[in-house]
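Come along while I write down what I look up.

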Amino acid sequence: MAVAVPRSTPGATRVLTFQPLEIAAERCKGCELCIRACPKHCLALDTGLVNPLGYHPIRLTDAAACTSCALCARICPDVVFTVYAAPRRGEPA
Ligand code: SF4
Ligand code: SF4
């Protein structure tokens, strides 16, 4: 996974630039199938939002925990997820 670390600031917090999921939140029906399927427990409904269909949409809670396994995309009946493989070492994020 690509990270950006400012060289001039020893001990600085790492900033993740790679985002493993693209989420079409407007299509989510809040069925929670993907939440139960995710082995890393990094999906949750966003109870602070209501989408145009009237549901709380899914959100990724921890991008660093996501392994791009795509189980969420395989089980989602509404094609909400696009999953990206993590860049290999040396590739730009
Ligand atoms: S790609 Fe895998 S680890 Fe990432 S959110 Fe989906 S099910 Fe979870
Ligand atoms: S499986 Fe699809 S429709 Fe159901 S909560 Fe997850 S993203 Fe939304």
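**Entry 1: the chain from end to end**

In what order do the elements of the chain run from the N terminus on? I keep in mind that this is a predicted model. Reading along, I find the order β-β-β-α-β-β-α-β. My tally is two helices and six strands.

I also looked up how the chain folds back on itself. Among contacts with a separation of 6 or more, 58% join residues 24 or more positions apart.

**Entry 2: what is buried**

The chain has 93 residues, and 15% of them are buried. Next I went looking for the largest nonpolar core, and I found that it has 12 residues. Several cysteines belong to this core, including Cys-28, Cys-34, Cys-38, Cys-66, Cys-72 and Cys-76. Leu-21, Ile-23, Leu-43, Ile-58, Val-80 and Phe-81 are also part of the core.

**Entry 3: around ligand 1**

I counted 16 residues around ligand 1. The closest are Cys-38, Cys-66, Cys-69, Leu-71 and Cys-72. Sorted by class, this shell has 13 nonpolar residues, two polar ones and one charged one. I see Cys-72 again here, by ligand 1 as well as in the largest nonpolar core.

**Entry 4: around ligand 2**

Here I listed Cys-28, Lys-29, Gly-30, Cys-31, Glu-32, Leu-33 and Cys-34 among the residues around the ligand. The shell around ligand 2 divides into eight nonpolar residues, one polar and three charged.

A reminder to myself: most residues other than glycine have a negative phi.

I found Ala-70 in the loop between strand S5 (58-60) and helix H2 (71-75).

Why do these two count as partly exposed? A residue needs 20 or more C-beta neighbours within 10 Å to be buried, and 12 or fewer to be exposed. Glu-32 counts as partly exposed because it has 13 such neighbours. Ala-70 is also partly exposed, because it has 16.

Key: Residues are numbered from 1 along each chain as its sequence is written. Chains are lettered from A and ligands numbered from 1 in the order in which they are written. This is a predicted model: local features need pLDDT of at least 70, side-chain atom pairs count only at pLDDT 80 or more; totals for chains, interfaces and linings use all residues. A residue is near a molecule or strand if its C-beta atom, placed from the backbone, lies within 6 Å of it. Ala, Val, Leu, Ile, Met, Phe, Trp, Tyr, Cys and Pro count as nonpolar, Asp, Glu, Lys and Arg as charged, and the others, Gly among them, as polar. A nonpolar core is a set of buried Ala, Val, Leu, Ile, Met, Phe, Trp, Tyr and Cys residues joined through C-beta atoms within 7 Å. Helices (H or I, at least four residues) and strands (E, at least two) are DSSP runs, numbered from the N terminus. Two residues are in contact if their C-beta atoms, placed from the backbone, lie within 7 Å.
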